[in-house]
Structures are given as C-alpha cells and as structure tokens.
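Colleague: I would like to learn how to read a few features of a model. Please take them one at a time.

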Amino acid sequence: MTNLPYAGHIKLMSFKRTELINPLLFLIVFFSVFSVHASEKSTVWTGNLQALINNGGVKQELKSWPLAELRKFKQLTSREMDPVSGKIVTWRGVGLSQVLDNALSTLPIERRAQIDLVIIENDQGGRALVPRAFIVKYPVILALKKEKETISSGLYSVVPWTSKSRTLNEGLPLESFFISKITRVEFANYRELFADIFLKRRTDPAAIRGEKTFIQNCAVCHASDKAPQLKELVKKHKNKALATIDHPPIEGVPKLSEKKFRYLSNYFNAFGIETSN
Ligand code: HEC
C-alpha cells in the first residue's frame with residue numbers, strides 16, 4: 001500500500017518525460033537545421049567595399065573590392081574592447097591604412113597629399129570622420145573576423161583603444177569610429193568639405209582650437225543633414241553660450257572636457273560674429 005503512491009509517482013514522471021522529450025528533441029533538431037540553413041542562405045555579407053574620393057562634395061569612385069579581394073590584403077590582428085558588449089575580443093581584418101594607400105595610389109601625388117580625412121560609412125546612415133593622421137599613426141582595422149569567426153554582417157571598423165592606450169589622449173570620439181556593416185570609405189579634405197564652418201579670421205587660438213573640436217566631435221552630424229547646421233544653431237541661440245546647452249538625448253554625442261567646451265564657446269562666438277555680418 002505504501003509503495004503504491006511511490007510507484008505511481010515514478011510512472012507519472014517517466015510518462016511525463018517521454019511526452020516532453022520527444023517534442024523537445026524535435027524542436028531542437030528543427031531549429032538547428034533551420035538556423036544553419038538561414039545563416040548559409042542570407043546572413044553572411046558578400047558585398048563590396050567601395051573607396052571614393054570626395055572632391056568638395058562631388059564623389060568619384062577610386063576602387064571597389066569584393067570580399068575575396070579584401071581577404072588578400074595583409075591581415076592584422078588585435079585584441080580590443082568591443083564598445084557594444086564591453087568585452088575584450090580578438091579582431092582580424094584589413095588595415096585601413098593599407099586600403100587608403102591602395103586606393104590613393106591611383107591619384108596624382110599632389111592630390112594624395114591633400115587628403116587629411118577618412119570617412120567610414122555604411123548603408124544605414126552610420127558615419128565616422130577619422131583624421132588621416134590617426135590612421136597613419138595607429139592601426140585601425142576593418143575587421144572581417146571576431147574571435148576567429150567571420151562577422152556575418154560585414155566589415156566592422158575597430159580602433160586600437162585597448163592595445164594602444166595613447167589613442168585615448170588624442171581628443172577624438174573613438175567610440176564613434178566603430179562602424180558596422182561598412183560599405184564605403186571616402187577620402188576627403190577637411191577644408192574643402194567643411195568650408196562653411198571654418199573661421200575666416202584665424203587670429204584667436206582658442207577659437208581655432210574650438211573649431212577643431214567642433215569638426216572632430218560635432219560636424220559628423222551638425223555639418224550634415226542629420227542635425228541642425230551650425231549657422232541655424234548660432235542663429236537660434238543668439239548670444240546664449242551654445243556650448244553650455246545640455247545636448248538633447250541623442251546617441252553618439254561625445255562627452256567633452258571643460259577645456260574643450262571653453263574652446264567651443266570661443267569658436268561659436270567667433271563664428272556668430274562672422275556669420276552675422
Ligand atoms: C550623433 C549626431 C550628433 C552629434 C555627434 C552631435 N549632435 Fe548636436 N544635435 C544632434 C541632433 C539630431 C540635434 C537636434 C535635436 C532636436 O532638435 O531634437 C542636435 C541639437 C544640438 C543643439 C541644439 C539644442 C537646442 O536646444 O536647440 C546643440 C547646441 C548641439 N546639438 C550641439 C552639439 C555639439 C556642440 C556637439 C559636439 C560636441 C554635437 N551637438 C554633436 C545630433 C548630434
């Protein structure tokens with residue numbers, strides 16, 4: 001009598017188990033087959049990387065490489081923090097400076113020398129403005145692999161901000177240089193591209209520093225159609241110190257030091273005076 005409920009319990013358990021395990025196994029097999037098929041079919045990036053030169057707004061293609069060609073470039077490896085996960089991982093891919101040299105080799109030497117800005121872009125509106133000098137000084141990678149696995153969404157720009165901590169002292173918005181699904185790199189000249197926001201009177205060193213701060217940290221949005229242009233901001237806020245306004249909550253707006261904000265104030269003042277005349 002006392003054994004009965006116990007035996008019944010066992011029976012119930014084993015009955016439940018088989019009832020559950022079969023559909024579960026089926027689901028596991030189904031989903032693993034399904035997901036392998038899905039990833040084989042559509043999700044691995046097989047596009048091209050296009051290199052363009054931006055002649056003051058007019059763009060011209062210099063080169064275009066299919067994935068297979070990019071794999072033939074010398075591959076670089078480094079361990080850097082992924083800004084998305086915060087984890088330090090191994091990246092492998094093409095050096096951006098090699099891509100730059102290769103693309104610019106088609107240009108006359110004088111034009112090559114004028115390129116001081118590299119713009120990394122994807123088709124989703126992602127964009128980074130990277131000074132050429134930074135790329136020459138530090139190995140920025142267009143990663144094809146993360147932890148030995150092909151990055152299925154495509155090229156990802158990785159800055160050596162973990163392995164080369166000096167990069168952190170360059171005063172650049174490094175986090176914003178990490179762009180996924182890159183399809184284009186554009187080579188340009190700051191002065192040509194941002195002619196409207198360069199000061200004409202170049203006598204106040206603090207204003208000139210502020211101009212540089214603005215171009216490196218704010219122009220990616222405020223000198224594009226993504227955000228109000230500097231002229232509009234200056235007009236809207238009149239004499240109010242633009243630099244002290246709390247930025248509307250938008251992703252990708254870099255935090256600046258007090259000193260940089262002071263330089264920005266000087267720049268906005270100087271710019272306001274020039275453009276109100
Ligand atoms: C990722 C893009 C992006 C970056 C980078 C960025 N901004 Fe903006 N900013 C915007 C957008 C978009 C708006 C308009 C938001 C709105 O109107 O709601 C804006 C608005 C502003 C305003 C107007 C606020 C107001 O109330 O009128 C100021 C001032 C401003 N930004 C300054 C800066 C400065 C200075 C920097 C660089 C340190 C900067 N922004 C960097 C996207 C950006």
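This is a predicted model: local features need pLDDT of at least 70, side-chain atom pairs count only at pLDDT 80 or more; totals for chains, interfaces and linings use all residues.

Colleague: How many residues surround the ligand, and which are the closest?

Modeller: The ligand is surrounded by 20 residues, and the closest are Cys-218, Cys-221, Ala-227, Pro-248 and Gly-252. By class, the shell has 14 nonpolar, four polar and two charged residues.

Colleague: Is Thr-244 buried or exposed?

Modeller: The count of C-beta atoms within 10 Å decides: 20 or more is buried, 12 or fewer is exposed, and partly exposed lies in between. Thr-244 has 11 such neighbours, so Thr-244 counts as exposed. Thr-244 sits in the loop between H9 and helix H10 (258-276). Phe-261 is 17 residues from Thr-244 in sequence, with a C-alpha to C-alpha separation of 7.5 Å.

Colleague: What is the phi of Glu-147, and where does Glu-147 lie?

Modeller: Glu-147 is not a glycine, yet its phi is positive, about 50 degrees. Glu-147 is in the loop between strand E7 (141-146) and strand E8 (149-150). Glu-147 counts as exposed because it has 12 C-beta neighbours inside 10 Å.

Colleague: What about phi in Lys-181?

Modeller: Lys-181, also a residue other than glycine, has a positive phi near 55 degrees. The loop between strand E9 (156-158) and strand E10 (182-188) holds Lys-181. With 16 C-beta neighbours inside 10 Å, Lys-181 counts as partly exposed.

Definitions and conventions: Residues are numbered from 1 along each chain as its sequence is written. A residue is near a molecule or strand if its C-beta atom, placed from the backbone, lies within 6 Å of it. Ala, Val, Leu, Ile, Met, Phe, Trp, Tyr, Cys and Pro count as nonpolar, Asp, Glu, Lys and Arg as charged, and the others, Gly among them, as polar. Helices (H or I, at least four residues) and strands (E, at least two) are DSSP runs, numbered from the N terminus.
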